[in-house]
Amino acid sequence: VNGGAVYVTRGSMVMTGGTITDSNATTNGGAVYLSENAAGFTISGTAKIYGNTCGGEPQDVYMGKKDLCLTLDSWNGNGDNGALVLNCGEAADGSVVAQAKEGALTGEDLAKLHYSDPAFTLEVKDGKLVLYRYGKYVREHVYPDGDRFHGAMFHTSGILSRFVTDS
């Protein structure tokens, strides 16, 4: 079973308020499943999606098409209920998985989302949230303190490690 509460076959889903919680799916999308034919999902305002599972693991929203992107439209987040747990199934390393309806996403928006697969991380890049696989690719990243990183990142016990090669 896909989509414990909502299954979007075609078209888009817009959620501006209300709560989806305690739903369960056995395959994908503990709360919301967007099929490969879905056009998108916009979440805004006071809408909350949290505490949902897929196969017993935390997962709130599943996007089945590799270029599908979650749109945040002045979304307040889940508050004290934790981050929305996202899975993008077919998304490739470097895929944009969330964007702002207007303006740019920030680290504050990043804190509202969590990726369900620990082999991946979300980062803000050019005002959008981008999915990266830990340790898969070599790339350069400039940290806020000005340090530059060249090489593969890897994930160990929940800590993202970095090696600084120059500043």
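Tyr33, at 8% relative accessibility, counts as buried. Before going on, note that this is a predicted model, where local features need pLDDT of at least 70, side-chain atom pairs count only at pLDDT 80 or more, and totals for chains, interfaces and linings use all residues. Residues are numbered from 1 along each chain as its sequence is written, and side-chain values use heavy atoms, with hydrogens and water left out.

There are 3 aromatic pairs in the structure. Rings of Phe, Tyr and Trp (its six-membered ring) pair if their centres lie within 6.5 Å; planes under 30 degrees apart are called stacked, over 60 edge-to-face, and the rest tilted. Tyr7 and Tyr33 make a stacked pair, at 4.8 Å centre to centre with 25 degrees between the planes. This pair ties together distant parts of the chain, with Tyr7 in strand E1 (residues 6–8) and Tyr33 in strand E5 (residues 32–34), 26 residues apart. Strands (E, at least two residues) are DSSP runs, numbered from the N terminus.

The structure holds 0 disulfides, a disulfide being a pair of cysteine sulfur atoms within 2.5 Å. For Cys69, the nearest cysteine sulfur is that of Cys88, 8.4 Å away. Seen from Cys88, Cys69 has the closest cysteine sulfur, and 8.4 Å is too far for a bond. Cys69 is buried at 14% relative accessible area, and Cys88 is buried too, at 1%.

## Strands around E16

Strand E16 (residues 128–133) pairs with strand E13 (residues 96–100) in the antiparallel sense over 2 bridges; for strands to pair, DSSP must find at least two bridges between them. E16 also pairs with strand E15 (residues 120–125), again antiparallel, over 6 bridges.

Leu129 of E16 is the bridge partner of Ala98, and Val124 stands opposite Leu129 as well. The hairpin of E15 and E16 has 2 residues between the strands, and Asp126 there takes a positive phi near 55 degrees.

The mean pLDDT (the predictor's confidence in each residue, from 0 to 100) is 84, and 80% of the residues reach 70 or more. Residues 136–142 fall below 50, with 21 contacts in the model beyond near neighbours in sequence; contact means heavy atoms within 4.5 Å. Residues 148–167 are also below 50, with 48 such contacts. Where pLDDT is low, the predicted coordinates should not be read in detail.

Definitions and conventions
Buried means under 20% relative accessible area, exposed over 50%, partly exposed in between (1.4 Å probe, protein chains only). Helices (H or I, at least four residues) and strands (E, at least two) are DSSP runs, numbered from the N terminus.
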